[in-house]
Amino acid sequence: MDAAHSPPRGRRPTTRVALVDSGVGLVAYADALLTLRPDLGLVLSMDPDHMPYGPRTPEQVRHLILESARACLPYEPDAVVVACNTASVHGLEALRAELEPRVPVIGTVPAIRPAARTGGPLAVWATRATAGSDYLRGLIDAFAAGIETHVVTANGLAEAIERGDVAGVGDCIREAAAATPPVRALVLGCTHYGLVADRIAAALGDVAIFDSPVPVARQTLRRLGLTPHPVASGTAAGGGVEVVLLSGRPGPLPEGMLAYPAGRRLGRAASSAPRALPSTGP
């Protein structure tokens with residue numbers, strides 16, 4: 001499943017999108033993009049050397065996500081998706097200042113607004129950095145004012161998901177569920193969490209789960225002037241995962257992502273996609 005070491009680039013897909021995250025949290029977002037536009041070429045930039053971002057300072061997160069995005073630029077992406085809530089909180093403004101308008105940058109926003117339409121009460125599960133951020137408080141104040149809202153730090157959950165640690169994921173979910181009062185809706189405030197949304201739902205019972213991959217994918221297409229165009233199963237689409245970067249180094253897709261259905265779909269997309277080499281410049 002090595003999507004990085006490759007022969008010279010063949011025909012470039014219509015559009016190439018880079019996704020950046022500390023780890024496999026970007027998997028569901030890449031999967032959503034390929035579901036809506038299977039002809040896209042994807043560059044996946046993860047940062048295993050510095051994952052997790054949750055315990056890091058805002059300055060550290062800003063620096064790391066800038067470095068991850070810069071590593072994608074030789075592959076000439078048409079857009080960059082920050083598939084990480086913590087990085088969006090602390091680094092989105094800096095990324096946009098550096099890359100836009102030449103390269104659109106799309107961030108990840110916890111789905112507070114649609115969750116608030118349930119009338120509440122609602123909870124938000126997040127990493128420590130996101131849970132304590134002014135950004136999240138601003139979203140709650142803007143879209144869930146007057147609605148009972150509980151922010152829960154899901155300690156260790158992103159790290160267990162990254163490792164594909166089934167038992168560890170269960171332990172972290174039980175801990176976070178125990179800290180969550182009865183609610184009608186739960187917002188997943190870390191991109192990793194959606195990979196185990198079924199297990200979270202099972203732990204909480206009759207609760208509506210709100211996540212962001214499809215809305216972020218649709219916003220990315222809008223920024224690129226594209227419309228969704230899924231293809232029938234078995235039809236050649238010409239896109240897929242072209243490049244994987246691990247802390248800036250070309251490498252294979254992480255084995256841990258195969259623990260999740262979206263990760264297995266990306267693995268198949270990587271094995272069938274054309275490969276990309278970095279631009280040598282003018």
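Predicted model: local features only at pLDDT ≥ 70, side-chain atom pairs only at ≥ 80, totals over all residues.
Figure 1. The structure contains 0 disulfides. Cys84 accordingly takes part in no disulfide, and the nearest cysteine sulfur, which belongs to Cys190, lies 6.5 Å away. For a disulfide, the two sulfur atoms would have to be within 2.5 Å. Cys84 has a relative accessible area of 6%, and is therefore buried.

**Figure 2. The crossing of helices H2 and H3.** Helix H2 spans residues 58-72 and helix H3 spans residues 85-99. Their axes come within 8 Å and cross at roughly 55°. H2 is therefore oblique to H3. The crossing of these two helices is right-handed. On the side of H2, the contact is formed by Pro58, Val61, Arg62, Ile65, Leu66, Ala69 and Arg70.

**Figure 3. The crossing of helices H1 and H10.** Helix H1 covers residues 27-36, and helix H10 covers residues 213-224. The two axes come within 8 Å, with a crossing angle of roughly 55°. H1 and H10 are therefore oblique to each other. The handedness of the crossing of H1 and H10 is right-handed. H1 contributes Ala28, Tyr29, Ala32, Leu33 and Leu36 to the contact. These residues meet Pro213, Val214, Val216, Ala217, Arg218, Thr220 and Leu221 of H10. The residues of the contact of H1 with H10 divide into 10 nonpolar, 1 polar and 1 charged.

**Figure 4. The chain as the setting of the close-up views.** The chain holds 11 helices and 10 strands. Of its 282 residues, 54% are buried. Considering contacts between residues at least 6 apart in sequence, 79% join residues that are at least 24 apart. The contact of H1 with H10 includes Ala28 in H1 and Leu221 in H10.

Technical notes: Residues numbered from 1 in each chain as written. Heavy atoms only, no water. Axes fitted to C-alpha atoms, helices over the stretch in contact; angles between N-to-C directions. Helix = DSSP H or I, 4+ residues; strand = E, 2+ residues; numbered from the N terminus. Parallel < 35°, antiparallel > 145°, perpendicular 65-115°, else oblique. Left-handed = near helix turned anticlockwise from the far one by under 90°. Contact = heavy atoms within 4.5 Å. Nonpolar A, V, L, I, M, F, W, Y, C, P; charged D, E, K, R; others polar. Buried < 20%, exposed > 50% of the residue type's maximum accessible area, 1.4 Å probe, protein only.
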